[in-house]
Amino acid sequence: MVDATHISFTADDRSYFSLIKKEIHRLAAEGGMEQGRINQLDLIVAEMTSNLFKYSNDGELLMGLFPNGGSPYVELISIDNGPGMVNPARMMQDGISTSNTLGHGLGSMKRMSDTFELYSQIGWGTIVLSRVYSNPEKAKVNNQVIMRPIVVYKPGEKTSGDGFTYKKTEKYMKMMLADGLGHGPEANKAVNEAATAFKVFPDYSPTETLRFIHNAIKKTRGAVINIVGYDFARKVWASAGIGNIALRMSGPVNFKNHMSYNGIVGHNIPGTMNDQEYPVEEFNQVMLCSDGIKTRIDMSRYPLMYKYDLSILAAAIYKDHARRNDDMSVVIAKTK
């Protein structure tokens, strides 16, 4: 089932922290994580929530569970609007602390994580990423295209009207971000029917995939959708979108905003559409955002971000641009 990739926990009340840890523990266990790794997750969550309480304003913890082909992993992302750190690398050393503690928090989180990164700016805040695999040997990513999604449902809802899915063959990778009209269960139903059609359509073309999905979801409330593919042999991106899913192509030198067609998939789509292509030597990274994310994004606000995991960038976009009154999605993909 396509739903939110991450659950958001507000981390500004110490009395709530034990409930956050229990819920993340439960979700990890239900997802098939190995018990020893879950115990380590408990410790990482305890450290993250403690740091958010001590040092941050408006602390938030995102938790995502990814099946990963039968070797699941949990992604924890701590986000705050606190004072930031002058020297993040130094703060990850044991014995270094800005408060009267032993200073083992960040260092211990790093040791227990298969992926651990920290991004911070003075006056902006801090993002901490911890990724824990049930089987650490499966932690290495060998894909030609790395994809990192953050999909969070609207506050107060139990399911997401946004949905992300992808399909990979020997010849290509193809991904879809869809936003069902409105939010809640009916929007989620539209997105899931779109995802089912997306997965069974046998061809590559994003435009033809959209046409197929359009016919498949006519009995739903409809959705706005953008589909991006990457041809491994030709090293070219291709995209087609209907409605207000924003797509930005970026490269070492420049960026380009992709123009989508007007319409609603499942109700009315243009008769004439074409795939738009972008060569990878000019654009090696793509970013998709639903309308729950404000799209006036200035990437210069995130210096040296190219050195960090794509989930850090997605979290930074979410931190600064989430509307908080709708389902919110940021998907970033990059060729290796």
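I began with what covers the buried residues of α2, and found that the cover includes α1 (17-30), β2 (60-66), β3, α4 and β5. Buried here means under 20% relative accessible area, with exposed over 50% and partly exposed in between (1.4 Å probe, protein chains only). Helices (H or I, at least four residues) and strands (E, at least two) are DSSP runs, numbered from the N terminus. Before going on, I noted that this is a predicted model, where local features need pLDDT of at least 70, side-chain atom pairs count only at pLDDT 80 or more, and totals for chains, interfaces and linings use all residues. Residues are numbered from 1 along each chain as its sequence is written, and side-chain values use heavy atoms, with hydrogens and water left out.

Back to α2. Its buried residues include Arg37, Asp42, Ile44 and Met48. I checked the length too: at 1.5 Å a residue (times one less than the number of residues), the 21 residues of α2 (35-55) should span 30 Å, and the end C-alpha atoms are 30 Å apart, so that agrees.

Next, α4. Six of the eight residues of this helix (105-112) are buried, so α4 is largely enclosed by the rest of the structure. Met109 and Met112 are among them.

Then the cores. A nonpolar core is a set of buried Ala, Val, Leu, Ile, Met, Phe, Trp, Tyr and Cys residues joined through side-chain atoms within 4.5 Å. Which residues have the most contacts inside the largest one? I got Ile77, Ile127, Tyr302, Ile317 and Val330, in a core of 27 residues. The largest share, eight residues, comes from α7. A second, separate core has 25 residues, including Ile20, Ile44, Met109 and Phe116.

Leaving aside neighbours within four places in sequence, Ile77 is in contact (heavy atoms within 4.5 Å) with residues including His6, Leu62, Ile127 and Ala315.

On to β6, where seven of the eight residues are buried. Eight bridges join β6 to β15, and the two run antiparallel; DSSP must find at least two bridges for strands to pair. Met147 stands opposite Ala333 in β15.

Last, confidence. pLDDT is the predictor's confidence in each residue, from 0 to 100. The protein's mean is 93, and 94% of its residues reach 70 or more. Residues 98-103 stay under 50, and the model has ten contacts for them beyond four places in sequence.
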